[in-house]
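Have a look at the model first, and then we'll go through the parts.

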Amino acid sequence: MGDLHVKENGGNSYKELFSEISQAADILVLTGDLTDLGKPKEAELLAADLRSCSIPIVAVLGNHDYECGHVEEVKAIVKEAGVQLLEGQAVEINGVGFAGVKGFAGGFGRYMLGSFGEPAIKAMVAESVEETMRLENALRQVRSERAMVVLHYAPIPETVVGEPQEIYPFLGSSRLAETIDRFPVSAVVHGHAHRGTYEGRTPGGAPVYNVASHIEKPTGRPYALLEL
C-alpha cells in the first residue's frame, strides 16, 4: 500500500487497517508518501499507528516526505518504529528479497527526458539516473529466488493511465523498468499516481502494481495482497 499521506492533525488513523493487514499478510510494504508534508509530527503519528502492525514492514519514501526539509528526522522516526527503510538497499524477509528506491520522474519510452540543454534539465535527468543506479545496486544485493522491487515513482506508463497525460513525465521513468528487466523480478510495486491503474507489466514481462491507497484493488480494500 502507498500514499498514506498522514496529516499533522491526525484526522485519519491507520491503526485498525494495520491490524487487519497483519492478519491477512506476512509482510507490509509501503510505497512512499508516508506523510503528507514530510513533517516529523506526521511521522510520529504514523509510527504510533504502526504499533498495531505485528508483521515486518518494508518501505520507501515518496516526494511528499521531502516537502518540509525534515527528511532525516522523518527517516529516523520511521526506522525507530521498526520499518526497514530502503534507499538503494535490499533486505531479505521470509525468503523474499526486497530492493527499493524512491525513483524519480523523467517520462516514458521515446518521450523520456534527455540530458540536453540547460543545467536544470541535466540536473533533473541526473537525479533520475542516480535513482536508477541505486535500484541496480539494490537488485545486485538480492540473493533469494523471489524478488520484489519497491518504488514510489512508476516504472511504466500503463499504471499511471487515468492521470492527465500532461503529467505523465512527472509520475515516473522508463529508466526504472530498463533496470528491472535486467534482473529476475517477481513483482514491482509503486504508488504516486492516485488516479492511475492497478496493474501492468514492464517490457520484459515483470508484473507491476500501482498500490496507492486510492487505487481500486482486487481486495476491495486500500491495500493489495500479492503472493510471490
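## A pair of helices

How close do the axes of helix α2 and helix α3 come, and at what angle do they cross? The axes of α2 (residues 40–50) and α3 (residues 71–80) come within 9 Å and cross at roughly 10 degrees. Axes here are lines fitted to C-alpha atoms, for helices over the stretch in contact, with angles running from 0 to 180 degrees between N-to-C directions. That makes α2 roughly parallel to α3, a label for angles under 35 degrees.

On the α2 side, Pro40, Ala43, Glu44 and Ala47 meet Glu73, Val74 and Ile77 of α3; contact means heavy atoms within 4.5 Å. Those residues divide into five nonpolar, no polar and two charged (Ala, Val, Leu, Ile, Met, Phe, Trp, Tyr, Cys and Pro count as nonpolar, Asp, Glu, Lys and Arg as charged, and the others, Gly among them, as polar).

## Ground rules

This is a predicted model, where local features need pLDDT of at least 70 and side-chain atom pairs count only at pLDDT 80 or more, while totals for chains, interfaces and linings use all residues. Residues are numbered from 1 along each chain as its sequence is written, and side-chain values use heavy atoms, with hydrogens and water left out.

## The whole chain

The chain has five helices and nine strands, taken as DSSP runs numbered from the N terminus (helices H or I, at least four residues; strands E, at least two). From the N terminus on, the order is α-β-α-β-α-β-β-β-α-β-α-β-β-β.

Of the 228 residues, 53% count as buried, meaning under 20% relative accessible area with a 1.4 Å probe, protein chains only. Take the contacts between residues at least 6 apart in sequence: 72% of them join residues at least 24 apart.

## The six-stranded sheet

Six strands form an open sheet with mixed pairing, in the order β4-β5-β6-β7-β9-β8; two strands pair if DSSP finds at least two bridges between them. At the edges sit β4 (89–93) and β8 (199–201), each pairing on one side only. The twist averages 25 degrees from one strand to the next.

Within the sheet, β6 (residues 146–150) and β7 (residues 187–190) run parallel and are joined by three bridges. Val149 has Val188 as its bridge partner in β7.

## Thr31

Thr31 lies in strand β1 (residues 28–31). With 0% relative accessibility, Thr31 counts as buried. Leaving aside neighbours within four places in sequence, Thr31 has contacts including Met1, Gly2, Val60, Val150 and Val189.

Note on methods: Parallel < 35°, antiparallel > 145°, perpendicular 65-115°, else oblique. Buried < 20%, exposed > 50% of the residue type's maximum accessible area, 1.4 Å probe, protein only.
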